[in-house]
Amino acid sequence: MSIDFHREGSPVADAKAPAGPIEDRWEKRRFSGRLVNPANRRKLRVIVVGTGLAGASAAATLGELGYRVANYCFQDSARRAHSIAAQGGINAAKNYRNDGDSVHRLFYDTVKGGDFRSRESNVHRLAEVSTEIIDQCVAQGVPFAREYGGLLDNRSFGGAQVSRTFYARGQTGQQLLLGAYQALQRQVAAGTVDLHTRHEMLELVIVEGKARGIVVRDLVTGEISTELADAVVLATGGYGNVYFLSTNAMGCNVTAGWRAHRKGAYFANPCYTQIHPTCIPQSGDHQSKLTLMSESLRNDGRVWVPKQKNDDRHPAEIPEDERDYYLERRYPAFGNLVPRDIASRAAKVVCDEGHGVGPGGLGVYLDFADAIARLGKQAVEAKYGNLFDMYERITGENPYERPMRIYPAVHYTMGGLWVDYDLSSNIPGLFVTGEANFSDHGANRLGASALMQGLSDGYFVLPNTISDYLADGPFPKVDETHEEVVAARREVDERIAFFLGNDGDRTVDSFHRELGKIMWEYCGMERTDEGLRKAIGLIRDLKAEFYKRVKVTGKAGGLNQELEKAGRVADFFELGELMCIDALHRTESCGGHFRAESQTEDGEAKRDDEHFSYVAAWEYGGDEPVLHKESLVFEYVKPTQRSYK
Amino acid sequence: MKLKLRIWRQSDADAKGGMVAYELDQVSEDASFLEMLDVLNERLISEGEDPVAFDHDCREGICGSCSLVIDGQPHGPQAATTTCQLHMRKFKDGDSIDVEPWRAGAFPVIKDLVVDRSAFDAIIQAGGYISAPTGTAPDAHAAPIPKQDADAAFSAAACIGCGACVAACPNGSGMLFMAAKVAHLGLTPQGQPERHTRVLGMVAAHDQAGFGGCTNTGECSAACPKEIGLDVIGRLNRDFRKAATRAA
Amino acid sequence: MAVSGILLVLFIIVHMAGNLHVFEGREEMNAYAHGLRTLGEPLLPHESILWILRIGLIALAVVHIWSAVVLTRRSLAARPVRYKSKKPAKGESRHAAATMRWGAVVIVLFLAWHLLDLTFRTVNPVKDVPDAYGAVVATFSPERWPVTVFYLLALVALGFHLRHGTWSAVQTIAGPDTKWRKRTQALALAIALVVVVGFAIVPLSVTFGLVK
């Protein structure tokens, strides 16, 4: 065992992105990729796991193309995938505002925003496809916000200098997902997609080196079955729930991705986690999740904390000169509008120093008093009324009279399964789309880019790239009795039998909560060598205790929500460990990954391009994962240090 | 705070089921209703009992998973609020609270408070979409939509498909859910070509699924956490009449 | 349901208006009643139009009740297991669930009495059919006050029935937008009030001796 908990393997490279001018690469790849003729598509079966933006759009589009699609989700309806909760909007380089936007600018902003840790080819394709997404969604009837002239409205979002964000009030994710869901239901009615709701993927089936199927549990009957196919697409979302408290839905989990990882798929950049600065703080130990408040609040709200430590006065009693508007003080140029990672870390710093407000001192004020004085209460209400109402429902405090309390919370994970330009993992036949892959956001995702990537992957990229793989199919028939299939099923059965048979005394949630605390403490907004080493030890101990003491009630047959959670938390332990190992090895700070050892004199993140300009693709290796580096080459956007001073 | 709960327990779809009483102490008033149930479940598990099964996911009022009838009211006493956003400060110390699943023939109980709402998906499959295969779209600005139509379409499209309308309706009708989709798509120019087949198909699927008929009591709209109005039902009726006369 | 309902509402309004002839005195009232019987004469046989109208009304009532039965059976099937816990309704027509079906039963019972009383005169002291005025005065005479009370009760049921039924029928047939729905609801309330007052004023006047 090495001192850094891992060993280094051979480098990995993306062999699919064509060379040449970046504007032509996607065009070139689409032409060089082989096609499957329509008559043959009927003979090809594709499994899509997940029905969020990336999954539903992929399943619907593949169904339209004539492939036979089997689509799975653990929710009771495809419409409930967590994409539905995205609030802000979706970026597209339409330049409807004539404000200087272009495909190249969106590409540039995304590479820079990702702190130069993403692939130029992928990001450029994303920017190109962005405009088609908006057209597609409008054609589906997505009710984007419009102006009085009847044309689409745009707003500037997440500190972008151009207005390229399309939105549907604060529910853009919902409307886009319902568009994809409806397209999917249309295919279900047409018989091209078999949709299985309340089914959870528990294992990947690999036969002769190719992904050929999945093992699923019917969450209603408890029945374990296998679905076999010519290719498998994972669109299973992010893994922010490793922190227990996050803005993710309760069901979000890493199991599908982690099972694929254990079977050989590389997991890339697991430590890149986005922590969103404007969430409602935790109110007590009962807390099960954190709620995001739209970033747009920072456009008019001013962030401050009391200058005096542990000041428990009512905010109204704290005079102006005893308040520290720390974002405005530290970042005069951007003020309250600094990017997410910077705003989050600044909040942590002031709270760690003892200036935090609210329960446990984990909160800062977001004050609208000035905005109300300047614009009038009515104008503020028109802009943010629904958010204020939500805040009041959750906290019981009236934000018109008392400043909101906010605190950062885990929101999105940039890391994920490693994929090449075709969105294929290193396992042939296993494709990964949306938040589940690592591909486009580098070390930090810009606001309104997650929806763009999910739909880009599902509607436009995967359906074009998967044909190159499927052109070799149909692959030799595999049936339920194949030894690999039997083995995969047996692993699932054994895992379930273990949990139900374990004579434990602690609930799954109690372990999950504890794991989350370790991750948040040591692998959250600020990471250190010492802390990460400590975390790895703590996680390993807790994992051992989990297997010894976890108690799962109920039986294997029928709905058993505890059993579902146990399997997910078991995988979170292993993922959490890998995240810490990845964070430990990356001694630079970049994007959502801040290493205390790597900062400038005034406390800003310091990248180390000389040593870390690569994607860390991890191969499963039990206690000692293997690191494969994929070098990042920047031909069009020259890496610079970000500055928001 | 201290609570007396009576919760519907039913071990599986075929079991008889009944209300079971629990007492819960030291409930934080900052906890959400579902977090209160989490606390109860933690206790039940440690006592070796089967925890209460209930559907939930996003816990921020948008996914539409949560589905509890609290004291006879879908999503509980607070207007325009899903169960997951309902907080215990809306209750008083010592309160007795009844918790039941959505009750509808079209939503059979799977276990405890979990019901099967796939009938809603079946309604959407019968026409709740615009046929726009990927890649066929004209430029997004090709068809301007008057702002008031776009806003009205959005308001209807805000439906989260939770099923509170069915749970609240004295007739167990799914009219508001169905009408919200008909209104959303019917208010966009893209939705016009399929406007008539859509409403006929969806109404047939709705009736086929075993939902009751609408008698315009308005209970659906009053229970809707997204405050979808009865105007969408009017719109559906209008479209249905036109479509039916045209088909005849 | 809605179409038959609207036609029945129209009938009720005409019926109510016709009743007010009682205030013009015995001659006028009986002339009106006679006029109904001789409508269309001499072109058509005696009472022919009246019977066409009666058959139409019976058909409407049958259709209306049959639709209600179908709808009710569907509702019962759509909720096979009832809630243990109940809360008062809070919808726009919150009285509807409680009053439509029970009200209908009251109205049907009343209708049976009403026909026996004032059409067939089986339970009315005045057997002379052309003397409609006499029959009205006799049945609501002060000493027969329970008849008046029953009549008023039935009217309350009818009022609630119309208040929901009228706008509900318009909502089902025409599907108004929010503005027109509110107007329809107001109109339905107005119709219900006018019908209740218009009908109630006759028996009350008789019972309190204003019409003799």
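What percentage of the contacts in chain B with a separation of 6 or more comes from residues 24 or more positions apart? For chain B the share is 72%. Please keep in mind while reading on that this is a predicted model. My notes follow, going chain by chain and then across the interfaces.

1. **Chain B as a whole.** Chain B has 248 residues, and 62% of them count as buried. Its secondary structure amounts to 8 helices and 7 strands.

2. The contact between them involves 18 residues of domain 1 of chain B and 18 residues of domain 2 of chain B. On the domain 1 side of that contact, you will find 9 nonpolar, 8 polar and 1 charged residues.

3. **Chain C, a helical chain.** With 7 helices and 0 strands, chain C reads α-α-α-α-α-α-α from the N terminus on. Of its 212 residues, 28% count as buried. Taking the contacts in chain C between residues at least 6 apart in sequence, 68% join residues at least 24 apart. The C-alpha trace of chain C spans about 55 × 45 × 35 Å along its principal axes.

4. **Domains of chain A.** Here the domain assignment gives three entries: domain 1 (7–272 + 414–470), domain 2 (276–411) and domain 3 (483–615). Domain 2 and domain 3 of chain A have C-alpha centres 30 Å apart. Their contact consists of 5 residues from domain 2 of chain A and 5 residues from domain 3 of chain A. On the domain 2 side, helix α9 (residues 340–352) of chain A contributes the most, with 4 residues. By class, that side has 1 nonpolar, 1 polar and 3 charged residues.

5. **Strand β3 of chain A and its neighbours.** Strand β3 (residues 68–72) of chain A is mostly covered, with 4 of its 5 residues buried. One of its partners is strand β2 (residues 45–49) of chain A, which pairs with β3(A) in the parallel sense over 5 bridges. Within that pairing, Val49(A) has Tyr72(A) in β3(A) as its bridge partner. The chain gets from β2(A) to β3(A) by way of helix α3 (residues 53–65) of chain A, and this β-α-β crossover is right-handed. Strand β6 (residues 193–196) of chain A also pairs with β3(A), again in the parallel sense, over 4 bridges. In that pairing, Val69(A) stands opposite Val193(A) in β6(A).

6. **How the chains meet.** There are 2 pairs of chains in contact, and chains A and B share the most contacts. Chain A and chain C do not touch, and their nearest C-alpha atoms are 20 Å apart.

7. **The contact between A and B.** Chain B puts in 68 residues and chain A 63 residues. On the chain B side, the elements giving two or more residues are α1 (33–46), β6 (109–111), α2 (118–125), α3 (147–157) and α5 (175–186) of chain B. Of these, α1(B) gives the most, with 7 residues. Sorted by class, the side of chain B that touches chain A has 30 nonpolar, 21 polar and 17 charged residues.

8. **The contact between C and B.** In this case 32 residues of chain C are in contact with 36 residues of chain B. The elements of chain C that give two or more residues to its side are α3 (48–78), α4 (96–119), α6 (145–173) and α7 (178–207). The largest share, 5 residues, comes from α3(C). As for residue classes, the side of chain C that touches chain B has 13 nonpolar, 9 polar and 10 charged residues.

Methods. Residues numbered from 1 in each chain as written. Chains lettered and ligands numbered in written order. Predicted model: local features only at pLDDT ≥ 70, side-chain atom pairs only at ≥ 80, totals over all residues. Buried ≥ 20, exposed ≤ 12 C-beta atoms within 10 Å, placed from the backbone. Pairing = 2+ DSSP bridges. Right-handed = clockwise from strand over helix to strand, strands pointing away. Contact = placed C-beta atoms within 7 Å. Nonpolar A, V, L, I, M, F, W, Y, C, P; charged D, E, K, R; others polar. Domains from an automatic or database assignment.
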